[in-house]
Amino acid sequence: MSGIELGRAEYYKPSGDFTVAGPLLMLGIGAAAAVLLGSVYGYLIQYNPIVYINVIGALVFGGGLGWAAGIGIRRGKVRAPLIATLDGLAVGAMGVFVAWVVWIHAFAGRAGANVWIFNPAELWAVIQQVAATGAWSLKGATPTGLALYAVWAIEALMIAGICVLVCRNAASKPFCEPCAQWAQSKTPSQSFGAVDDLDALRRRLEAGEIDALAALGAPSPERSLAVTLLECPTCNDAGFLTVETITLIEQKKGQKTSRRQDVLRNLIVRGRTLELVRSLMQRQHQESGTIAPVAAK
Ligand SMILES: [Zn+2]
């Protein structure tokens with residue numbers, strides 16, 4: 001009998017451990033990404049006048065840095081969100097630094113000068129000069145001074161913040177400590193019909209009553225439950241169950257966006273309970289596989 005069947009639900013919590021190589025890999029791969037993506041981003045911001053695209057660029061830049069540092073997290077088995085945060089912040093800062101160096105280079109290049117400033121103190125002095133005169137205009141206004149610093153601060157926070165979030169997320173993924181392996185999904189996430197009483201569903205699943213999922217009806221396009229099972233690839237006895245509600249929300253102009261909300265995240269399932277979840281997922285996968293062509297017309 002596992003703890004779950006005795007009514008004491010256990011959720012996965014990162015152990016805080018990491019290999020020595022982990023943080024170094026994060027910094028090394030992150031630095032390479034900072035040079036590459038920072039250069040692209042620096043030129044994009046210098047030459048592209050459309051604010052919307054620049055904002056998307058900042059998000060993609062931050063996400064790309066986090067993804068690259070995340071390779072170090074996965075390879076280096078970093079299960080320490082604090083290390084992931086600190087390293088993510090360092091990689092984000094490197095990215096912002098490179099973007100500034102390249103942006104100043106491109107800015108000066110447009111005036112026919114060939115300028116590379118790598119010394120942070122000198123770079124800061126040039127940034128202050130740019131802030132005094134303004135760097136670009138939007139709707140006829142050229143922000144300078146505080147307004148411009150505020151825009152740059154938000155931009156830097158966005159890039160570094162997303163990098164940190166991606167890193168923390170990667171370091172918080174389920175990991176089987178006895179086997180020293182990241183958990184993987186053997187069957188893709190499956191949709192089930194939604195229920196109104198999500199608390200009851202959570203309690204039943206925490207009590208190991210997997211029937212609660214099996215009894216759910218067919219998913220509707222407006223509202224469904226997404227069930228994900230991650231498993232240790234080695235011992236076959238460590239499963240991590242996540243259930244989310246997916247609600248389709250109609251926006252203005254008939255656009256639809258889906259909102260995901262956790263019912264439970266990374267509930268630890270073992271033994272008989274794990275076998276039940278696994279076979280339920282496989283059955284649902286086969287059934288959805290056979291009806292999908294019909295549903296898709
Ligand atoms: Zn294992």
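## Two loops with a positive phi

K77 is located in the loop that joins helix 2 and helix 3. The model described here is a predicted one. Although K77 is not a glycine, its phi is positive, at about 50 degrees. Is K77 buried, partly exposed or exposed? K77 counts as partly exposed, because it has 18 C-beta neighbours inside 10 Å, and a residue needs 20 or more to be called buried.

N236 also has a positive phi while being a residue other than glycine; the value is near 60 degrees. N236 belongs to the loop between strand 4 (223-231) and strand 5. With 15 other C-beta atoms within 10 Å, N236 is partly exposed.

## Two domains

The domain assignment of the protein gives domain 1, covering residues 21-174, and domain 2, covering residues 181-295. How far apart do the C-alpha centres of domain 1 and domain 2 lie? The distance between these centres is 37 Å.

## The largest nonpolar core

The largest nonpolar core contains 40 residues, and the members that touch the most others are L65, A69, C163 and C167. At least two residues of this core come from each of helix 1 (21-47), helix 2 (51-75), helix 3 (81-109) and helix 5. Which helix supplies the largest share of the core? Helix 3 does, with 13 residues. As a general background, nonpolar side chains in soluble globular proteins tend to be buried together.

C167 shows how parts of the chain meet. Leaving aside residues up to four places away in sequence, C167 touches G66, A69, G70 and I73, and also A84, T85, D87 and G88.

Helix 5 has 27 residues, which at 1.5 Å a residue should span 39 Å.

The buried residues of helix 5 are E155, I159, A160, I162, C163, V164, V166, C167, R168, A170 and A171. Against which helices do they pack? Their packing partners are helix 2 and helix 3. In an α-helix there are 3.6 residues a turn, so residues three or four places apart point the same way.

Helix 4 has 14 residues, and the distance from its first C-alpha to its last is 20 Å, close to the 20 Å expected at 1.5 Å a residue. How many of the 14 residues of helix 4 are buried? The number is zero, so helix 4 lies largely in the open.

G134 follows helix 4 and has a positive phi, near 90 degrees. S137 is found in the loop between helix 4 (120-133) and helix 5 (145-171). S137 counts as exposed because 10 C-beta neighbours lie inside 10 Å, and the limit for an exposed residue is 12 or fewer. The chain also brings S137 into relation with P49: these two residues are 88 residues apart along the chain, and their C-alpha atoms are separated by 8.8 Å.

Four strands make up an open sheet, with the order 3-4-5-6 and antiparallel pairing. Strand 3 (190-193) and strand 6 (256-269) are the edges; each has a single partner strand, so one side of each is left without a neighbour in the sheet. From one strand to the next, the twist averages 25 degrees. In general, the strands of a sheet pair through backbone hydrogen bonds, in either a parallel or an antiparallel way.

The pairings can be followed across the sheet. Strand 3 and strand 4 are joined in the antiparallel sense over four bridges, and G193 stands opposite S224 in strand 4. Strand 4 and strand 5 pair, again in the antiparallel sense, over nine bridges; here V227 stands opposite V243 in strand 5. Strand 5 (residues 239-250) and strand 6 form an antiparallel pair over 11 bridges, with R259 in strand 6 as the bridge partner of T247.

A helix accompanies this part of the sheet. Helix 6 (residues 198-206) lies across strand 5 and strand 6, and helix 6 runs at about 30 degrees to strand 6.

Definitions and conventions: Residues are numbered from 1 along each chain as its sequence is written. This is a predicted model: local features need pLDDT of at least 70, side-chain atom pairs count only at pLDDT 80 or more; totals for chains, interfaces and linings use all residues. Domain bounds come from an automatic or database domain assignment. A nonpolar core is a set of buried Ala, Val, Leu, Ile, Met, Phe, Trp, Tyr and Cys residues joined through C-beta atoms within 7 Å. Two residues are in contact if their C-beta atoms, placed from the backbone, lie within 7 Å. The expected span of a helix is 1.5 Å times one less than its number of residues. Two strands pair if DSSP finds at least two bridges between them. Axes are lines fitted to C-alpha atoms, for helices over the stretch in contact, and angles run from 0 to 180 degrees between N-to-C directions.
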